[in-house]
Amino acid sequence: CTTINSRRRSMFGDNQQPCPNTQLTGFGGHIMVYNSGSKGYVEGVELVRMGQTNVIGRYPMHFHLLGDRCDDCYFRDCSVHRSYYRCVSIHGTNAVQVSENVAYDVVGFCYYLEDGVETYNTLSYNLGAFIHTLGPRIPYGEGQKIPPFVQSEQLTLPADVSASAFYITNVKNTIIGNAASGGWSGFAFPLLSEPVGLHRYTTRLRPSSEDQESLSLLIDGNTAHSSSWWWKHSAPFYFGGTLYYNSDGVLEYNAGRDLTQPKRAPCKKNKCKNTTTTNTNSSCAIRENYSWCQPYEQSWLRVTNTKAFLAPGAGLNSWNGRMELLGYECHDCGLVLEGLSTDGFWADSVLGVCRTGVPIVLPNAKASLIPG
C-alpha cells in the first residue's frame, strides 16, 4: 500500500537533466503502484523533475496493471512540474480517481491512459499546461494526411510526436471539468482498433468502438486553448490520429486523417469479446465495425459542455461520425468545428465567436440521412 498524504511533501529529481541539447536524457524518480493487492493513495504532493524521458513505465505517478483491485485509489490535489516524462499514467487499471491536480512543463502526454483497456477511471478538474512533444519532428502539413511515425529507441510511443495534456485511448471513463493549455492538441482521443503494449493479445476489444453508450461514459465540461499551432487540422479537442501495429509488428502512429484503419464506430456490444484468436490480422482487430454492429446496436459518442479558444484551426475536429456534440463554445478559432464523415454528426447549442468576419456556413446534409 502506498500512502503519501501531506501538503508539505515534495519529491525532486535530478536538476542537471535533461542536457541542454537534448530532451532524451531527463532522469528523475518515479512512483509506481503495482502487484496484486497494492493500493495507492497520493494527495497534496509536489512532484518536480520526475519521470525518465522516453522510458516506458517511468512516470512521476504510475498505476500499473492493477485491474479492478484499486477502485478506491487516487492521485489528487497534487502538482507535477518540469516533468521529464508524463504526469500520471493509468495502465491496465480501472476505477482510479485522478482529480484536482496541476501539471506544468511536461515532456510527452501528461494525463495518460496507456494501452486502451483502462475503463471506469475518473479524470476530473485537472490542469495540464506547457506540454512538449518528442520525436524527430512535429507532425505538420497542408493537407489532411501526415506521414506516419514508427516506434524506435528514440521514440518509444510514436504518438508522443503530437503530445497533449490529455491522452484518452478509451472513452469508457469519466472526463469532467479538466483544462488543457498548449500542446499539439489539448485533448487527444486517438483511434485504436486493438489494445497496445502488454494488453495487445490479452484483451479482446476495440478501445475506440466498444460498449460506449450503454456504460458509464461522461465527457463533460472540459476546456482547451492555445494549442494546435503546427497543423491546421489539429484542434484543442482532436478526435483523430491512429495508433496501430504495422506489418512488421512495430507500433506506428498516424497523426492525420488515416483511411487505412477502422473508423471510430461506437457499438453497445463488444463484438470481440467471444473471439479467441491472437492473430493481429484477425477480422476482430481490423474489420469495420459496421459489419459486426447492427443498426439497433449502434451508439453515439457524446461530448457535452465543451469550450475551446485561441486556436488557428478548428476548435474541435473529428474524422469520424456517430458523435453528439451538445453545448459547445468556440472563441477566436480559425474554424469552429470540423467533422468529416458520412456516418452522421450531431451538434446542438453551439456558440462560435470569431474575429475573421467569415459568415457561418452549415452543412447541407439532412438529419433524416443520419444512420443509427
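**A colleague's note on the predicted model**

1. Leucine 243 counts as buried because its relative accessibility is 1%; buried here means under 20% relative accessible area, exposed over 50% and partly exposed in between, with a 1.4 Å probe and protein chains only. The residue sits in strand β21, residues 242–245. Helices (H or I, at least four residues) and strands (E, at least two) are DSSP runs, numbered from the N terminus.

2. A word on the ground rules: this is a predicted model, in which local features need pLDDT of at least 70 and side-chain atom pairs count only at pLDDT 80 or more, while totals for chains, interfaces and linings use all residues. Residues are numbered from 1 along each chain as its sequence is written, and side-chain values use heavy atoms, with hydrogens and water left out.

3. Back to leucine 243 and its surroundings. Not counting residues up to four places away in sequence, leucine 243 touches Leu157, Pro158, Tyr167, Leu191, Leu192, Val196, Leu251, Glu252 and Tyr253, where contact means heavy atoms within 4.5 Å. Between leucine 243 and valine 150 there are 9.9 Å in space, C-alpha to C-alpha, and 93 residues in sequence.

4. Next, have a look at strand β4 (residues 61–67), where six of the seven residues are buried. β4 pairs in the parallel sense with strand β2 (residues 31–33) over three bridges, and also in the parallel sense with strand β7 (residues 88–93), over five bridges. Two strands pair if DSSP finds at least two bridges between them. Phenylalanine 63 of β4 is the bridge partner of valine 33, and phenylalanine 63 has isoleucine 90 as its bridge partner in β7.

5. Phe63 turns up again in the largest nonpolar core, which has 50 residues and in which Phe63 and Phe75 have the most contacts. Strand β24 (residues 323–339) gives the most to this core, with six residues. Apart from this core lies another, of 25 residues, including Phe149, Val161, Trp231 and Tyr253. A nonpolar core is a set of buried Ala, Val, Leu, Ile, Met, Phe, Trp, Tyr and Cys residues joined through side-chain atoms within 4.5 Å.

6. Leaving aside neighbours within four places in sequence, phenylalanine 75 is in contact with Val42, Leu47, Met61, Phe63, Val80, Val88, Gln97, Val98, Ser99 and Asn101.

7. Finally, confidence: the chain has a mean pLDDT (the predictor's confidence in each residue, from 0 to 100) of 85, and 80% of its residues reach 70 or more. Over residues 276–283 pLDDT stays under 50, and the model has 12 contacts there beyond four places in sequence. Residues 285–290 also stay under 50, with 24 such contacts.
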